[in-house]
Amino acid sequence: ALSAPKTDSSVPSDEVELRMVELVGADVLTGLKDANWKARLEAMTTVLEKAQNVDATSGDVCGTLVSGLAAFPGWSDSNFQVVAKMFATLGALSSQTNFSYRHAEPSLGILCEKLADLKLRGVASETLSTLA
């Protein structure tokens with residue numbers, strides 16, 4: 001069995017939350033934490049759009065989003081559509097010039113695990129390819 005997905009343990013969870021609020025807004029963060037998968041999916045759509053349009057010069061946006069996704073909604077989210085958006089967000093971030101292995105590393109275990117999931121195999125494989 002794989003170990004639990006990692007988060008950036010060097011950043012306290014309350015600081016990750018504050019950074020996420022600054023980056024995506026309080027409403028989106030609330031949506032990422034919502035018990036309703038439709039709310040999480042809508043919030044992840046907004047996060048994906050942000051990742052696709054991120055300004056590479058605006059600090060450690062990649063680190064903030066990866067740490068934020070690990071915490072909210074979390075790599076082990078129960079809805080495959082939400083997880084697929086999370087993986088697509090990683091793929092979008094990987095095109096940034098300041099994206100590095102340290103950003104990808106926390107998600108590698110869950111991406112490999114999801115290769116066995118019929119609903120997520122394609123997006124997990126595609127994301128791993130973009131991270132390579």
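## Helix H7 and its packing

In this predicted model, helix H7 spans residues 121-131 and has Ala124, Thr127, Leu128 and Leu131 as its buried residues. Viewed down the axis of H7, these buried residues fall within an arc of 100°, so they line one face of the helix. An α-helix has 3.6 residues a turn, so residues three or four places apart point the same way.

## Arg40 in helix H3

Arg40 lies in helix H3, which covers residues 37-52. Is this arginine buried or exposed? Arg40 has a relative accessible area of 7% and is therefore buried, the cut-off for that class being under 20%.

Once neighbours within four places in sequence are set aside, the contacts of Arg40 include Gly31, Leu32, Asp34 and Ala35. Arg40 is also in contact with Pro73, Asp77, Ser78, Asn79 and Val82.

## Ala70 in helix H4

Helix H4, formed by residues 61-74, contains Ala70. The relative accessibility of Ala70 is 12%, so this residue counts as buried. Val16 stands 54 residues from Ala70 along the chain, and the C-alpha atoms of the two are separated by 9.9 Å.

## Cysteines

How many disulfides does the model contain? The count comes to 0 disulfides, under a criterion that requires a pair of cysteine sulfur atoms within 2.5 Å.

Cys62 counts as buried because its relative accessibility is 1%. Cys112, with a relative accessible area of 41%, is partly exposed.

## Confidence of the model

The protein chain has a mean pLDDT of 85, and 89% of its residues reach 70 or more. Within the chain, confidence is highest in helix H2 (residues 26-33), at 95, and lowest in H6, at a mean of 87. Over residues 1-9, the pLDDT is below 50. Beyond near neighbours in sequence, the stretch of residues 1-9 has 11 contacts in the model. Where pLDDT is low, the predicted coordinates should not be read in detail.

Methods
Residues numbered from 1 in each chain as written. Predicted model: local features only at pLDDT ≥ 70, side-chain atom pairs only at ≥ 80, totals over all residues. Heavy atoms only, no water. Helix = DSSP H or I, 4+ residues; strand = E, 2+ residues; numbered from the N terminus. Buried < 20%, exposed > 50% of the residue type's maximum accessible area, 1.4 Å probe, protein only. Arc of directions from axis to C-beta. pLDDT = per-residue confidence, 0-100. Contact = heavy atoms within 4.5 Å.
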